[in-house]
Amino acid sequence: MAKWGSFVLEMIRLVILLVLSLLVLGGVERAVYEAVFGSPVYHWTMTAGNLLLFLVLYRNYFQFKGWFKSENNKKLNKATTRGLVTVSAVLLLLPIWL
């Protein structure tokens, strides 16, 4: 039962971290795009890029700081991390060309 409780707490923590990170990253992007282009830019690719960044942050850092401890918790390998960050950067910069 303790494992189940820590899992539920970790899921609540994950959702809170996801919402906060999307709000912060979205706000920073909005401010940057508004400063550069004069008007805020909104596009679905920016949200997808932010989700990928959150995935990398969670898998490489946040999952080790939470309540749910498991022997299956492993960091992403370097190639996967670089690939996801590159795809995320492309998705974040894509609204410039659209």
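The legends below describe close-up views of a predicted model.

**View 1. Helix α1 from end to end.** Helix α1 covers residues 2-37. With 36 residues, α1 reaches 51 Å from its first C-alpha to its last, close to the 52 Å expected at 1.5 Å a residue. After α1 comes G38, and the phi of G38 is positive, near 90 degrees.

**View 2. The buried residues of helix α1.** Seven positions are of interest here: S6, E10, R13, L17, S21, E29 and Y33 are the buried residues of α1. An α-helix has 3.6 residues a turn, so residues three or four places apart point the same way. The cover over the buried residues of α1 includes α2 (44-60) and α3.

**View 3. Helix α1 beside helix α3.** Two packed helices are described by the angle between their axes and the distance between the axes. Here the axes of α1 and α3 (residues 78-97) come within 12 Å and cross at roughly 30 degrees. Angles under 35 degrees count as roughly parallel, so α1 is roughly parallel to α3. The crossing of α1 past α3 is right-handed. On the α1 side the contact is made by E29, Y33 and F37, and on the α3 side by L92, L93, P95 and I96. By class, this contact of α1 with α3 has six nonpolar residues, no polar ones and one charged. E29 and Y33 also belong to the buried residues of α1.

**View 4. Helix α2 against helix α3.** The axes of α2 and α3 come within 7 Å, and they cross at roughly 155 degrees. Angles over 145 degrees count as roughly antiparallel, which means that α2 is roughly antiparallel to α3. The crossing of these two helices, α2 and α3, is left-handed. From α2, the residues in contact are T45, M46, A48, G49, N50, L52, L53, L55, V56 and N60. They meet T81, L84, V85, V87, S88, L91, L92, L94 and P95 in α3. The residues of this contact divide into 13 nonpolar, six polar and no charged. L92 and P95 of α3 also take part in the contact with α1.

**View 5. L57 in helix α2.** L57 is found in helix α2. L57 counts as partly exposed because its relative accessibility is 43%, and partly exposed lies between under 20% for buried and over 50% for exposed. L57 and T81 are 24 residues apart along the chain, and their C-alpha atoms are separated by 9.4 Å. T81 is one of the α3 residues that meet α2.

Definitions and conventions: Residues numbered from 1 in each chain as written. Predicted model: local features only at pLDDT ≥ 70, side-chain atom pairs only at ≥ 80, totals over all residues. Heavy atoms only, no water. Axes fitted to C-alpha atoms, helices over the stretch in contact; angles between N-to-C directions. Helix = DSSP H or I, 4+ residues; strand = E, 2+ residues; numbered from the N terminus. Parallel < 35°, antiparallel > 145°, perpendicular 65-115°, else oblique. Left-handed = near helix turned anticlockwise from the far one by under 90°. Contact = heavy atoms within 4.5 Å. Nonpolar A, V, L, I, M, F, W, Y, C, P; charged D, E, K, R; others polar. Expected span 1.5 Å × (residues − 1). Buried < 20%, exposed > 50% of the residue type's maximum accessible area, 1.4 Å probe, protein only.
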